[in-house]
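The sequence and structure come first.

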Amino acid sequence: MLINIIKLISGQQITELSLAQDLKVIVEQLLSYLRQDRCLLVLDNLETILQTNAVNYEPKESDYIKEHQGYGQLIEIFADTHHQSCLLLTGREIPGNFIDRTRNNSLVYSLLETLKAN
């Protein structure tokens, strides 16, 4: 998915990226484009890549399914790195690595955390 996003953002200029490369290298390439141009990335239905016993409508903290650990790394890097773009996550559950970032990073927001604070 990241390779396709990079190709789209770069106007198909990047063709040498492959799944064989380290995820960190691919994410760094994505971040270099996100620093150049503003972009909104939306990851919808995040609960589909999170471990859960049963889907309910109460948001809760969850961990990633083993084969989707890369999404966790992407969210962490995206939240901790300076750029001019935005990542919007939607879902019924909250990734475990996201909760602390909403409390400790002024650029990371959670609607649920904001509502709890008020």
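## Terms and model

A residue is called buried at under 20% relative accessible area, exposed at over 50%, and partly exposed in between, using a 1.4 Å probe and protein chains only. Helices (H or I, at least four residues) and strands (E, at least two) are DSSP runs, numbered from the N terminus.

The model is predicted: local features need pLDDT of at least 70, side-chain atom pairs count only at pLDDT 80 or more, and totals for chains, interfaces and linings use all residues. Residues are numbered from 1 along each chain as its sequence is written, and side-chain values use heavy atoms, with hydrogens and water left out.

Helix H1 covers residues 2-9, and its buried residues are Leu2, Ile3, Ile5 and Ile6. Seen down the axis of H1, these fall within an arc of 160°, so they line one face of the helix; the arc is that of the directions from the helix axis to the C-beta atoms.

The exposed residues Asn4 and Leu8 sit on the face of H1 turned away from the buried side. Among the elements that cover the buried residues of H1 are helix H2 (23-36), strand S1 (40-43) and helix H3 (69-80). Just after H1, Gly11 has a positive phi of about 70°.

## His83

Where is His83? This residue lies in the loop between H3 and strand S3 (86-89). His83 is buried, at a relative accessible area of 16%. Leaving aside neighbours within four places in sequence, His83 is in contact (heavy atoms within 4.5 Å) with Leu31, Leu34, Arg35 and Phe78.

A polar atom of the His83 side chain lies 3.5 Å from the backbone oxygen of Thr81. The backbone nitrogen of Ser85 lies 3.2 Å from a polar atom of that side chain of His83.

Note on methods:
A polar contact is a pair of N or O atoms within 3.5 Å; within protein, one must be able to donate a hydrogen and the other to accept it, and residues adjacent in sequence count only if both atoms are side-chain atoms.
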